[in-house]
Structures are given as structure tokens and as C-alpha cells.
Amino acid sequence: MHQTIQEQPKYRNWVALKLIYVPLVLTGCTAVLTLYYPWVKIFPPLFLLMMLYFLYARYLFSPKGKNLQVELQRFLVNEISWNGKGKVLDIGCGNGALAIRLAKKYPNATVVGVEYRNFDHAVCMRNAELENVADRVSFQQSTIVDLPFEDGRFNLVVSNLTFHEVTEIKDRRRLLEEAIRVLDAGGVFVFQDLFLTKKVFGNLNPFLDMVAQWGAESVEFVNVVDSDIIPGILKTPFMIGSLGIIKGNT
């Protein structure tokens with residue numbers, strides 16, 4: 001008797017494989033160079049340690065590790081205070097994990113996910129089908145610098161670890177202004193990102209003041225990195241050592 005293997009949704013790991021492959025290649029290249037330039041010998045072990053670090057980080061984010069990817073999504077969702085009725089926008093949806101989670105939590109809502117890179121609509125919709133929410137979730141590719149929606153279109157807008165990666169705009173704080181633009185009066189926003197990285201988002205308090213000027217009636221910062229769910233090894237400047245949530249309503 002053959003047991004049928006049930007198809008599972010395919011979600012991305014936040015730690016990209018290139019973070020593992022690149023230092024691995026550099027390890028090999030610099031190891032060869034040591035044959036001709038002995039002073040280069042310091043670099044192979046450094047690149048190897050870098051590769052091992054990101055390999056372990058990817059493991060921690062995966063279901064086989066601490067499933068941190070899901071834990072951070074759950075942390076974000078738990079910060080949402082909303083009645084669950086209306087339209088939701090997930091900015092930087094990837095393969096749809098957070099959008100689908102929200103559709104499952106809020107059965108009276110419809111969810112739109114937008115992704116600006118490496119977008120695979122078929123994978124997103126297949127994941128939604130497997131999670132039984134395909135009738136209330138849609139996905140599309142779009143720049144997030146200028147969202148293709150009219151003002152006040154959504155009742156809830158979320159984003160998870162997306163804004164800091166956008167290179168189309170110099171001041172990435174403006175991405176939050178655009179996200180709030182499509183939020184209806186009385187709507188809710190919850191954004192999780194590396195907001196404590198000053199070189200990307202500047203000083204926190206002036207940033208929060210800017211968000212308030214963009215139409216938010218209340219703005220709150222939640223320091224996620226201090227929570228117990230993040231392993232100490234990941235609390236580094238080049239991982240999620242500056243993770244936080246900016247939330248509020250309009």
C-alpha cells in the first residue's frame with residue numbers, strides 16, 4: 001500500500017542562498033590565491049566562517065530549525081488590532097506566506113499581495129489553494145515605490161522585512177508614506193523591518209514623527225529584537241539585530 005505524500009506550500013527562506021554561495025566561492029578563490037600570495041591566507045577562514053554563519057541562520061529560519069520565519073510572522077500578526085473586515089495589502093509578499101496567514105485569520109477580509117522582485121504568481125496562487133484561501137487572496141507584481149492603488153483603498157496594510165531591501169529610492173522611509181497613502185481613514189498599519197538601522201532609516205524618534213505627519217493618528221514602535229523568539233546569534237547588525245515594528249492607525 002502506497003502512502004500519498006500531500007503537497008505542501010512553498011515559501012521562501014528570508015536568508016537567501018546567495019548569502020551562502022558567495023562566501024563559499026570566495027573561500028575557494030582565496031584559498032587558491034594563497035598559493036601565490038601567502039598574505040591572503042587570512043581570508044579563506046573568514047569567508048568560511050561567514051558561509052557557516054549564514055548557513056546556520058538559514059537553518060534557524062527554516063521549519064527544520066526554529067522556524068523563525070513563521071515566528072516573526074506570528075509576532076507581526078499578534079500586533080494587529082483590527083476588526084477583520086475589509087481589504088488587506090501585504091507589501092513585499094514573497095510567495096504569499098503572510099498574505100495567506102492573514103486571509104486564514106480574517107475570513108471576512110480579502111487580501112492583495114504585491115511583490116517587486118522574483119515574483120512567481122503561479123507559486124503564490126498554488127500556496128493559497130493549498131491553504132484553502134485562494135478565493136480571497138490575489139497577487140501581483142508591482143513597484144512598491146509607487147503602489148498601483150488609489151488613495152484609501154485598504155483597511156489594513158502590512159509589510160514584513162521588505163522596505164530595507166528596496167534600492168529604487170534613496171530615502172526608504174518614504175516607502176512607509178506610500179504604504180499609508182493607500183490606507184483608508186480609520187485603517188491600521190503594521191510594518192516589521194530593520195527600523196533600528198540608522199544608515200537606512202535614520203534616527204528612530206524623528207522617523208516616527210515623520211510617520212505621524214503622513215496621516216497616522218497614533219504611531220508606536222515595538223522593539224522586536226529584544227523579544228525571546230530571536231536567538232542571540234542572529235542579533236547582529238548584518239542579520240536582524242535592528243528588527244522592530246512600526247504600527248498605528250489613520
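Here are a few questions and answers about the packing and the cysteines of this predicted model.

Q: Which residues of helix H3 are buried?
A: Helix H3 covers residues 68-78. Its buried residues are covered by elements that include helices H2 and H4 and strands E4, E5, E6 and E7. The buried residues themselves are Leu 68, Gln 69, Leu 72, Gln 73, Phe 75, Leu 76 and Val 77.

Q: Which element gives the largest share of the largest nonpolar core?
A: This core has 45 residues, and Leu 72, Ile 80, Phe 139, Leu 234 and Ile 240 have the most contacts inside it. Elements giving two or more residues to it include H2, H3, H4 and strand E2. The largest share is six residues, and it comes from H2.

Q: Which residues does Leu 234 touch, leaving out those up to four places away in sequence?
A: Leu 234 is among the residues with the most contacts inside the 45-residue core. Counted this way, its partners are Tyr 53, Ala 57, Leu 60, Phe 61, Leu 68, Met 239, Ile 240 and Gly 241.

Q: How many disulfides does a search of the whole structure find?
A: A disulfide needs two cysteine sulfur atoms within 2.5 Å. For Cys 93, the closest cysteine sulfur is in Cys 124, 4.9 Å away, so the pair is too far apart for a bond. The number of disulfides found in the whole structure is zero.

Q: Is Cys 124 buried or exposed?
A: Buried means under 20% relative accessible area. Cys 124 has 0% relative accessibility, so it counts as buried.

How values were computed. Residues are numbered from 1 along each chain as its sequence is written. This is a predicted model: local features need pLDDT of at least 70, side-chain atom pairs count only at pLDDT 80 or more; totals for chains, interfaces and linings use all residues. Side-chain values use heavy atoms; hydrogens and water are left out. Buried means under 20% relative accessible area, exposed over 50%, partly exposed in between (1.4 Å probe, protein chains only). Helices (H or I, at least four residues) and strands (E, at least two) are DSSP runs, numbered from the N terminus. Contact means heavy atoms within 4.5 Å. A nonpolar core is a set of buried Ala, Val, Leu, Ile, Met, Phe, Trp, Tyr and Cys residues joined through side-chain atoms within 4.5 Å.
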